[in-house]
Amino acid sequence: MGYVAVKGGANAINNSVLMYKNRRLVDGEDIEVEKIKTNMRPLINQVMSEASFYDRDTAAFAIKQAEGNMEEAVFLMRAHRSTLPRLYYSTITDTREMFVERRVSASFKDIPGGQILGASPDFTHRLLDDALKEVADGPSQEIDYKEIPFNYDLNKLPKVIDYLEKEGLFIREPENNDEPDDITKKTIEFPSTRSQRLQGLTRGQTGAVTSLGYAEIRGYGIASHPNIGECRVGQQPVCVDFEDGYGEYFIGDYEMTEIDGFMPDLDEDQDEDMHIKIGYGLVFGQNETKAIAMSVLDYSLEHPKNGVATSDDEFVLYHIDSVESTGFISHLKLPHYVTFQSKLDRMRQGRESK
Amino acid sequence: MSQNFAFLDEHSKKEIRRQTLKAIAIPGYQVPFASRELPIARGWGTGGLQLTLSLVGQEDIVKVIDQGSDESVNAVNIRNLIQSTTGVEDTIHTSEATIIQSRHRIPEVPLKPFQILVLQVPTPEPLRSVEPSERKTKILHGDKEYSGAYIKLFEQIMRHGHITDDADYPVLVNGRYVMAPSPIPRFDNPKMNHNDGLILLGAGREKKIHAVPPYTDVASLAFEDYPFEVEDFSDKVCRESGLSGVYMDELVDEETGETYYMTNDTSYMLEKMNEEEDLHANHR
């Protein structure tokens, strides 16, 4: 046995991994996971939403390991998710029971229960703030953080859509109480069901969902923009039923963003009165842009227009998953010399025969 | 964080094995499966890896190759993951392995009965280039409506005077389903026909499993007057080993600028070179 395999590949890979893992420490100081958890909430929200894995600690940990790279952090969360047995589903949760922290309607000046701005970057001027170059001692003392956020009655926040329903401008769809599909346990087959579409959209890559929703309203789909009936952000209580005879167990609050998008009615007959239709968005964490775009795509997929890519469920759902799209695009870096040799053979064959 | 044997939880493995059995029962048919995310990126062999992880037991001996090499980056990476989550033995010798996971090649050493070859598949749908929609290709397979696949080859002949499909050349399995054999070179297509081993193909991102059970008819698509052709290495000799009649890599000698060829299946080449050396040693 004089000849042995060359082990160069394994060594080179090992060194590459070491360089990658230590790069941030070579360049600077380490950071506590806890600091990421409190300082990078919107990033954590996006990662949890795209990973379809609600756990702020694990998300912060994944972000640290990924050095803030979104696709890597989502990937780490998804891979970890695969190792966890999934034993229970939550019982039906009603977003009317949400502990609302922010709630705005773009469709009315005032709404029953009031517009609640909560915390939002919407009204900031996007000027780099020199003060942030320094580390702050604590929050500004200008408002009382215990009082201000909760000066409203949680029991008196009806949904904006209720008002339109009373007037007959919105007709409630018949309830669909079919057991929802779970695309992580059984792959989507087309035509898709609504539960598959909603699950696919809520796990979608934020940028991809936003871009496709934008294309739909800008000119390739409904080409007119919806009205946000209501945007809610808050803590949603979630329960599971172990079927042990003791009823439901409360397992925790999930921060969620919910959108009721008021859409132009595309299916209406000419003689009929006009009605409001709803596109629905619901995502983990405060991710308002994504939730709005989701509501647009939910509607476009529910009411497909012929020849419009953003109302084709295969086109949308097959291409918005972060792990899938980034994985396939990045795999192009892998060696492909066997197939390329096959292609060269074909190209040379063409030249020889001429 | 602590992990289960072979990474995936047992529920997931069971689901994958069930879909694999279905794939074996319907040769060449793409069986949908849920497809878990793995610590390796989608598109980097997660379909093959899920098959391997769902099948591997403590007694198995695993070989992993990419581009014909046990040392290619993808192969090293996948083998490390399998080993770190299972602790099973690995080998570079095709004949010693019980499970062989491969990207882009079927080894030169023929499979034996009860060996399993797992191929990594990027695009399981052979009709995708003629029909982008999944629901439509499903109907085409159901109706055994493969004229699109043949017309594509016909158009290539019209345009270029010969078929231009290179690797991942479509095959008809068991006279029923047209199947993408994964991007193996055409050179490897005939090895699928009446193979002694079990060939499983996994597409993680596209969430499909398909299979060629042992002793199944596998025919590459062709026309009577335009027969199927493999890559032509007939006048090439491996510079390292003197082998011919194998799939070759084309390389350039940096010093002389000369093009030379080397056996692509590196473990096969080593085995052959060692056999040769032993033979010489015995003669002396």
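The expected span of a helix is taken as 1.5 Å times one less than its number of residues. Helices (H or I, at least four residues) and strands (E, at least two) are DSSP runs, numbered from the N terminus. Helix α5 of chain B, residues 147–160, has 14 residues and should therefore span 20 Å at 1.5 Å a residue, which agrees with the 20 Å between its end C-alpha atoms. Gly161(B), with a positive phi near 85°, follows α5(B).

The structure is a predicted model, in which local features need pLDDT of at least 70 and side-chain atom pairs count only at pLDDT 80 or more, while totals for chains, interfaces and linings use all residues. Residues are numbered from 1 along each chain as its sequence is written, and chains are lettered from A and ligands numbered from 1 in the order in which they are written.

Chain A contains 12 helices and four strands. Its C-alpha trace spans about 85 × 65 × 55 Å along the principal axes. A residue is called buried if 20 or more other C-beta atoms lie within 10 Å of its own, exposed if 12 or fewer do, and partly exposed in between, with C-beta atoms placed from the backbone. By this criterion, 32% of the 354 residues of chain A count as buried. Two residues are in contact if their C-beta atoms, placed from the backbone, lie within 7 Å. Among contacts in chain A with a separation of 6 or more, 65% come from residues 24 or more positions apart.

The domain assignment of chain A gives domain 1 (8–81) and domain 2 (95–119 + 142–320); such bounds come from an automatic or database domain assignment. The C-alpha centres of these two domains of chain A are 29 Å apart. Eight residues of domain 1 of chain A are in contact with 11 residues of domain 2 of chain A. On the domain 1 side, these residues comprise three nonpolar, four polar and one charged. In this classification Ala, Val, Leu, Ile, Met, Phe, Trp, Tyr, Cys and Pro count as nonpolar, Asp, Glu, Lys and Arg as charged, and the others, Gly among them, as polar.

The contact between the chains takes 45 residues from chain A and 57 residues from chain B. On the chain A side, α1 (8–27), α5 (70–81), α11 (322–331) and α12 (337–352) each supply at least two residues. The greatest contribution to this side is that of α12(A), with 10 residues. By class, the chain A side has 18 nonpolar, 16 polar and 11 charged residues.

A nonpolar core is a set of buried Ala, Val, Leu, Ile, Met, Phe, Trp, Tyr and Cys residues joined through C-beta atoms within 7 Å. The largest such core has 104 residues, and Val47(A), Met77(A), Leu297(A), Ile199(B) and Leu200(B) have the most contacts inside it. Helix α9 of chain A (residues 288–302) provides the largest share of this core, eight residues. When residues up to four places away in sequence are not counted, Met77(A) touches Val47(A), Ala51(A), Phe53(A), Thr58(A), Ala59(A) and Ala62(A). Another core, of 11 residues, lies apart from the largest one and includes Phe233(B), Met248(B), Tyr261(B) and Tyr268(B).

Two strands pair if DSSP finds at least two bridges between them. Strand β5 of chain B (residues 116–120) runs parallel to β8(B) and is joined to it by five bridges, with Leu119(B) opposite Leu201(B). Strand β9 of chain B (residues 208–212) pairs with β8(B) in the antiparallel sense, also over five bridges, and His210(B) in β9(B) is the bridge partner of Leu201(B). The strands β8(B) and β9(B) form a hairpin with four residues between them, and Lys207(B) in the turn has a positive phi of about 60°.

Most residues other than glycine have a negative phi, and most peptide bonds are trans. Ser52(A), in the loop between α3 (41–51) and α4 (56–65) of chain A, has a positive phi near 40°. This residue, Ser52(A), counts as partly exposed because it has 19 C-beta neighbours inside 10 Å. His194(B), in the loop between α6 (189–192) and β8 of chain B, has a positive phi of about 50°. With 12 C-beta neighbours inside 10 Å, His194(B) counts as exposed. The peptide bond from Phe190(A) to Pro191(A) is cis, with omega near 0°, and Pro191(A) lies in the loop between α6 (160–166) and α7 (194–202) of chain A.
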